[in-house]
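Dear colleague,

Please find below the structure that I am handing over to you. My notes on helix packing and backbone angles follow it.

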Amino acid sequence: MRFDASGKVSLDHIYTAPDPRTYFQVLRPLGYRVPQLAKPWFDKLIKEYRETERVAVPRVLDIGCSYGINAALLKYDITMDELYARYDGTGPATRAGLLARDQDLSRSRSPAHGLRFTGLDASTSALAYAREAGFLDDTVHADLETDDPTPEQRATLAGTDLVISTGCIGYVTERTLTRVVRAQDGRLPWMAHFVLRMFPFGPVEDALADLGYRTTRVNEVFKQRRFADPREQRLVLDSMAEADVDASGLEEDGWLYAQLYLSRPPQR
């Protein structure tokens, strides 16, 4: 196994396959579940935004969207268990077969919510699959950590109502979020980010405050996945200890945990 600078095992290969089978077959034994745990929180926030801002069909930007998992869960009220079963290797053997089946899902299942989803990711293959399947309505293939969005990308990002993520913060920083907000020409979309406890959110919170946001942390922790092996746990615990983050009763027991940060403009 390879490990990144944070101590986490490198799973880069699961995000670049031509279809989601590798993603789900690798993550299922690890109990990956944070998108399912995030779903009711996103649902609640979207409902509140819809009612407060009187927007019938909010536009949601999912940063680090991979194969459109959050979009599928929220638009079609599917569950992670259903997705694990869907891509377990017993279904269609080809990408075309999987894609046709997913297109049937997105066409036949009435959306649980009126939403328009844009996915931002560095993986062209994951974005292409999610868009073709009908999970995502728009895509932005960019690395906003290093580059400003192009005029075309900026136009796609413009008009975003809510920005969400489930695990990319730490790899994605305040640089990406600042560029997303600046693409809104003065509007401040609401945000909800599930962030692994091993990664500090302070720099992001400070940058968002400079843009006019107020951030609150939900007083709850959320299981992301099990550690892949004892070495990954040891490396992550070492990183957390260096950052003075107490892992007792949480990561010490074998799971990575996330916290939820909600960022909004001040109430008018």
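Which residues in helix 8 meet which residues in helix 9? In this predicted model, E174, L177, T178 and V181 in helix 8 meet P203, V204, A207, L208 and L211 in helix 9, where contact means heavy atoms within 4.5 Å. By class, this contact has seven nonpolar, one polar and one charged residues (Ala, Val, Leu, Ile, Met, Phe, Trp, Tyr, Cys and Pro count as nonpolar, Asp, Glu, Lys and Arg as charged, and the others, Gly among them, as polar).

Please note how the model is to be read: residues are numbered from 1 along each chain as its sequence is written, and side-chain values use heavy atoms, with hydrogens and water left out. As the model is predicted, local features need pLDDT of at least 70 and side-chain atom pairs count only at pLDDT 80 or more, while totals for chains, interfaces and linings use all residues.

Helices and strands are DSSP runs numbered from the N terminus (helices H or I, at least four residues; strands E, at least two). The axes of helix 8 (residues 174–182) and helix 9 (residues 202–211) come within 9 Å and cross at roughly 20°. That makes helix 8 roughly parallel to helix 9. Angles under 35 degrees count as roughly parallel, over 145 as roughly antiparallel, 65 to 115 as roughly perpendicular and the rest as oblique.

Buried means under 20% relative accessible area, exposed over 50%, and partly exposed in between (1.4 Å probe, protein chains only). The buried residues of helix 8 are T176, L177, T178, R179, V180 and V181; their cover includes strand 1 (59–63), strand 5 (190–196) and helix 9. In helix 9, the buried residues are V204, A207 and L208. Seen down the axis of helix 9, these fall within an arc of 100° (taken from the directions from the helix axis to the C-beta atoms), so they line one face of the helix. They pack against helix 8, strand 5, strand 6 (214–226) and strand 7 (255–264).

Most residues other than glycine have a negative phi. R54, however, has a positive phi of about 55° although it is not a glycine; it lies in the loop between helix 2 (34–53) and strand 1, and is exposed, with a relative accessible area of 76%. D77 also has a positive phi of about 55° without being a glycine. D77 sits in the loop between helix 3 (69–76) and helix 4 (80–86) and is partly exposed at 46% relative accessibility.

Yours sincerely

Methods. Axes are lines fitted to C-alpha atoms, for helices over the stretch in contact, and angles run from 0 to 180 degrees between N-to-C directions.
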